[in-house]
Amino acid sequence: MSVDKLWGRKDAQRLFPEDFLWGGAVAANQLEGAYLEDGKGLSVADVLPDGVFGRIADPPEGEYLKHQAIDFYHRYEEDIALFAEMGFRTLRTSIAWSRIFPNGDETVPNEAGLAFYDRVFDELLKHNIQPLITLSHYEMPLGLVREHGGWSNRETIAHFERFARVVFERYADKVKYWLTFNEINIILHAPFIGGGIYPEKATEQVLYQAIHHQFVASALAVKACHELIPDSKIGCMIAGGPLYPLTPKPEDVLEAMRKERENFFFSDVQVRGAYPRYKLRYFEKANIQLDIAEDDLEILKHTVDFVSFSYYMSYCATVDTELIEQSRGNIMSEVKNPFLPVSEWNWTIDPQGLRYILNQLYDRYGVPLFIVENGLGALDQPDEHGYVNDDYRIDYMKDHLLEAAKAIDEGVELLGYTSWGCIDIVSNSSGEIRKRYGFIYVDRHDDLTGDFKRTKKKSFDWYKQVIATNGDYLQT
Ligand code: BG6
């Protein structure tokens with residue numbers, strides 16, 4: 001058989017395959033607003049006025065930015081029309097769990113919540129935009145946290161499975177792409193949003209037990225999805241970011257491998273359907289005792305169809321304790337890469353890191369990949385007409401997409417690319433809106449002022465051309 005036949009991609013002279021899913025990504029809690037409307041209950045996202053690493057203010061003391069967010073709940077038609085104008089083939093968003101089960105532990109779903117997503121998905125499909133839906137994007141019902149201990153409690157698995165089955169059944173004809181947990185590995189760094197676990201209770205023992213429950217819940221969702229929507233695909237989702245050794249010292253190389261496994265552990269279980277030996281050994285040495293029910297290991301064998309990930313930056317690892325000390329306070333406490341620039345929020349900018357991790361993940365798993373988040377959070381300054389000339393965002397995306405194209409050329413199977421925050425939304429880490437990612441500017445500000453008006457930025461027309469030419473425009 002000829003190599004061409006084995007390779008199998010007919011349009012290999014093009015940067016991206018013909019059916020590449022171009023689009024944008026958002027999450028319910030960061031754009032919908034209407035945080036208590038039509039029966040919705042509070043979620044973990046509703047009690048974090050200063051973002052993920054700030055205080056937990058529960059019950060809410062007044063209004064937080066996310067409560068109204070950008071009011072997508074009432075403006076989704078206008079927003080979806082703008083996405084359609086850019087030519088989106090997909091939109092990644094999430095279903096706010098607490099719209100469907102306000103406290104999390106009910107047995108009957110909230111019809112008004114289900115009806116809202118019917119309207120959103122119908123509107124997307126009307127414009128030929130495929131919904132790509134995350135079941136759990138940092139928005140667990142607060143009731144499950146307050147009364148049940150979040151994911152540390154095994155019962156949460158049953159509540160989640162019920163939620164997943166309800167939405168699979170309801171949207172079987174409308175949604176064919178699903179993700180289980182957003183950035184499932186982030187629970188180790190942000191236990192409250194990742195696992196509904198209060199920081200003071202987040203010992204390693206508690207966290208890994210909660211993670212085990214999430215793995216089982218994710219596998220049960222995969223099983224249900226395959227049963228209820230046989231023509232769908234369901235993936236896992238990790239926060240991706242290669243870890244480079246800071247120096248060629250073997251100690252730094254091994255440290256990079258160790259840290260990288262902290263992330264890959266999550267996809268290893270969800271793709272391979274079993275705990276990796278390096279982690280079992282770690283549990284043993286750290287005296288972490290997992291409570292694993294009899295069927296759990298069988299359930300884990302329901303593995304995902306593809307691997308999706310967010311990519312914003314790469315990291316460096318070293319055993320140099322002095323450098324580690326200096327970098328404390330960064331999201332994952334890795335040291336700065338001296339060869340790379342950073343964003344206004346100090347996030348390393350590394351387009352080649354995207355090519356690197358795409359190859360790494362594909363080599364490791366051999367299943368299709370999906371870049372479901374990538375983008376530049378920046379301080380946009382509208383001119384006197386409200387127009388934002390965001391060449392910096394265009395440069396960032398162009399550089400990243402060209403590196404993704406190189407990875408495809410190197411053999412990686414990539415299903416699509418959804419840029420993060422395709423319309424300005426509230427930041428997850430800082431709770432601000434001045435950290436903007438969108439192609440569409442929203443007149444909404446950190447002091448809760450603004451009239452919510454939507455205005456296209458320069459990047460809007462740029463991305464439209466990229467999609468219209470299936471990526472060829474990146475070469476101009
Ligand atoms: C990812 C999350 O971590 O990064 C998103 O899945 C988040 O929810 C995105 O918004 C960008 O981070 P931030 O903190 O700039 O909003």
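Which residues in H11 meet Gln-360, Leu-361, Arg-364 and Tyr-365 in H15? They are Glu-260, Phe-264, Ser-267, Asp-268, Val-271 and Arg-272, where contact means heavy atoms within 4.5 Å. Sorted by class, this contact of H11 with H15 has 4 nonpolar, 2 polar and 4 charged residues. For that sorting, Ala, Val, Leu, Ile, Met, Phe, Trp, Tyr, Cys and Pro count as nonpolar, Asp, Glu, Lys and Arg as charged, and the others, Gly among them, as polar.

Before going on, some ground rules. This is a predicted model, with local features needing pLDDT of at least 70 and side-chain atom pairs counting only at pLDDT 80 or more, while totals for chains, interfaces and linings use all residues. Residues are numbered from 1 along each chain as its sequence is written, and side-chain values use heavy atoms, with hydrogens and water left out.

Back to the helices, which are DSSP runs (H or I, at least four residues) numbered from the N terminus. Two packed helices are described by the angle between their axes and the distance between the axes. The axes are lines fitted to C-alpha atoms over the stretch in contact, and the angles run from 0 to 180 degrees between N-to-C directions. For H11 (residues 250-272) and H15 (residues 351-365), the angle is about 45° and the axes are 11 Å apart. H11 and H15 are therefore oblique to each other; angles under 35 degrees count as roughly parallel, over 145 as roughly antiparallel, 65 to 115 as roughly perpendicular and the rest as oblique. Their crossing is right-handed, that is, the near helix is turned clockwise from the far one by less than a right angle.

Next, take H8 (residues 155-170) and H10 (residues 204-228), whose axes come within 9 Å and cross at roughly 25°. So H8 and H10 are roughly parallel to each other, and their crossing is right-handed. On the H8 side, the contact includes Ile-157, Phe-160 and Ala-164, and on the H10 side, Val-216, Leu-220 and Ala-224 are among the residues involved. By class, the contact of H8 with H10 has 11 nonpolar, 1 polar and 4 charged residues.

Then there is H16 (residues 391-409), packing with H17 (residues 458-468) at about 25°, with the axes 9 Å apart. That makes H16 roughly parallel to H17. H16 passes H17 in a right-handed crossing. Among the residues making the contact are Ile-394, Met-397 and Leu-401 of H16 and Trp-462, Tyr-463 and Val-466 of H17. The class count for H16 with H17 is 6 nonpolar, 1 polar and 4 charged residues.

Now for the ligand. Some polar contacts, pairs of N or O atoms within 3.5 Å, are worth a look. A polar side-chain atom of Gln-30 lies 2.7 Å from a ligand oxygen atom. An N or O atom in the side chain of Glu-183 is 2.6 Å from an oxygen atom of the ligand. With Asn-428, a polar backbone atom is 2.7 Å from a ligand oxygen.

Finally, check the loop between H2 (28-31) and H3 (65-68), where Pro-59 is found. A cis peptide bond joins Asp-58 and Pro-59, with omega about 0°. Ala-34 also has its place in the loop between H2 and H3, and its phi is near 45°, a positive value in a residue other than glycine.

Definitions and conventions
Helix = DSSP H or I, 4+ residues; strand = E, 2+ residues; numbered from the N terminus. Polar contact = N/O pair within 3.5 Å; in protein donor to acceptor, adjacent residues only side chain to side chain.
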